[in-house]
Amino acid sequence: MATNITFHPGSVDIAERSRLLSQTGATLWFTGLSASGKSTIACALEQHLLHLHKFTYRLDGDNIRFGLNKDLGFDEKSRNENIRRIGEVSKLFADSSCIALTAFISPYRADRQVARDLHEKAGIPFIEVFIDAPLHVVEQRDPKGLYKKARAGEIKDFTGISAPYEAPEKPEIHIKTDEADVTECVRRITEYLTEHKLI
């Protein structure tokens, strides 16, 4: 990090911004295997929250790699940096009173903890949403054909096949997508946000 920089605080703090906009920012961090349903649920939740007139925005793993993180690969070091950057970006969104929805495999607990720590240090709610589906289920779904390619050795370091996925130990929300449809998933997350006075 450069040493000749100084943080310049704004004229409006997070509490005043939340009061003026009548909304508290937060990050919902969707994690789970590829094809578990993270992006599908995040898209549906984004639409639902916007229909409730809530300021929300979705950051999706593949989409971010077209721009902000297009310089990163899929080795462990690149995955770590990918998640670090998303942690910083989602914190900025949430600081603006947005409900940020991040849909990233984010396979390592330590990386997710870094994102959580960034938010908690800033006093911003961080909600880990574990989108859980057994490996045999996600392999059957496999809309992009990635598991088949990984099994054939065409993709290296593929989470769940040749690279590890460390499931959350105590997520705020745990959803099993082989047992609940998208509507039920959105209902449960919305219920959590309501109970915790975030919407």
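## Reading a predicted chain, helix by helix

Colleague: How many helices and strands does the protein chain have, and in what order do the elements run from the N terminus on?

Modeller: To read an architecture, one lists the elements in order. In the protein chain there are eight helices and five strands, and from the N terminus on they follow the order α-β-α-β-α-α-β-α-β-α-α-β-α.

Colleague: What radius of gyration does the protein chain have beside that of a compact globule, and what box do its C-alpha atoms fill?

Modeller: Here one sets a value beside an expectation. A compact globule with 199 residues would have a radius of gyration near 16 Å, and the 17 Å of the protein chain agrees with this. Along the principal axes, the C-alpha atoms fill a box of roughly 55 × 45 × 30 Å. Of the 199 residues, 43% count as buried, and the chain exposes about 11,100 Å², of which carbon and sulfur atoms supply 53%. As for contacts with a separation of 6 or more, residues 24 or more positions apart account for 75% of them.

Colleague: Which residues of H8 are buried, and why can they be said to lie on the same side of the helix?

Modeller: H8, residues 182-195, has 14 residues and reaches 20 Å from its first C-alpha to its last, close to the 20 Å expected at 1.5 Å a residue. Its buried residues are Cys185, Val186, Ile189, Thr190, Tyr192 and Leu193. Because these cover an arc of only 155° around the axis, they are on the same side of H8. The face turned away from that buried side carries the exposed residues Thr183 and Glu195, while the cover over the buried residues includes strand E1 (26-31), helix H2 (38-51), strand E4 (126-132) and strand E5 (173-176).

Colleague: Which residues touch the most other members of the largest nonpolar core, and which element supplies its largest share?

Modeller: The general idea is that, in soluble globular proteins, nonpolar side chains tend to be buried together. In the largest nonpolar core, which has 22 residues, Leu28, Phe30, Leu45, Ile127, Val129, Ile189 and Leu193 touch the most other members. At least two residues of this core come from each of E1, H2, strand E3 (99-103), E4, E5 and H8, and H8 gives the largest share, five residues. Taking Leu193 as a case, and leaving aside its neighbours within four places in sequence, one finds it in contact with Leu28, Leu49, Ile127, Leu198 and Ile199. Apart from this core lies another, of 10 residues, among them Ala35, Ala133, Phe158 and Tyr165.

Colleague: Which residues of H5 are buried, and what covers them?

Modeller: H5 (residues 109-121) should span 18 Å with its 13 residues at 1.5 Å each, and its end C-alpha atoms, 18 Å apart, agree with that. Asp111, Arg112, Ala115, Arg116 and His119 are buried in H5. Seen down the axis, these buried residues fall within an arc of 140°, so they line one face of the helix. What covers them includes E1, helix H4 (76-95) and E4, whereas Ala110 and Lys121 are exposed on the face turned away from the buried side. After H5 comes Gly123, with a positive phi near 75°.

Colleague: Where does Pro171 lie, and which residues is Pro171 in contact with, leaving aside its neighbours within four places in sequence?

Modeller: Pro171 lies in the loop between helix H7 (146-151) and E5, and, with those neighbours left aside, is in contact with Glu128 and Phe130.

Notes:
Residues numbered from 1 in each chain as written. Predicted model: local features only at pLDDT ≥ 70, side-chain atom pairs only at ≥ 80, totals over all residues. Heavy atoms only, no water. Helix = DSSP H or I, 4+ residues; strand = E, 2+ residues; numbered from the N terminus. Expected span 1.5 Å × (residues − 1). Buried < 20%, exposed > 50% of the residue type's maximum accessible area, 1.4 Å probe, protein only. Arc of directions from axis to C-beta. Contact = heavy atoms within 4.5 Å. Core = buried A, V, L, I, M, F, W, Y, C linked by side-chain atoms within 4.5 Å. Rg over C-alpha atoms; globule rule 2.2 N^0.38 Å. Areas by Shrake-Rupley, 256 points an atom, 1.4 Å probe, with all protein chains shown as cover.
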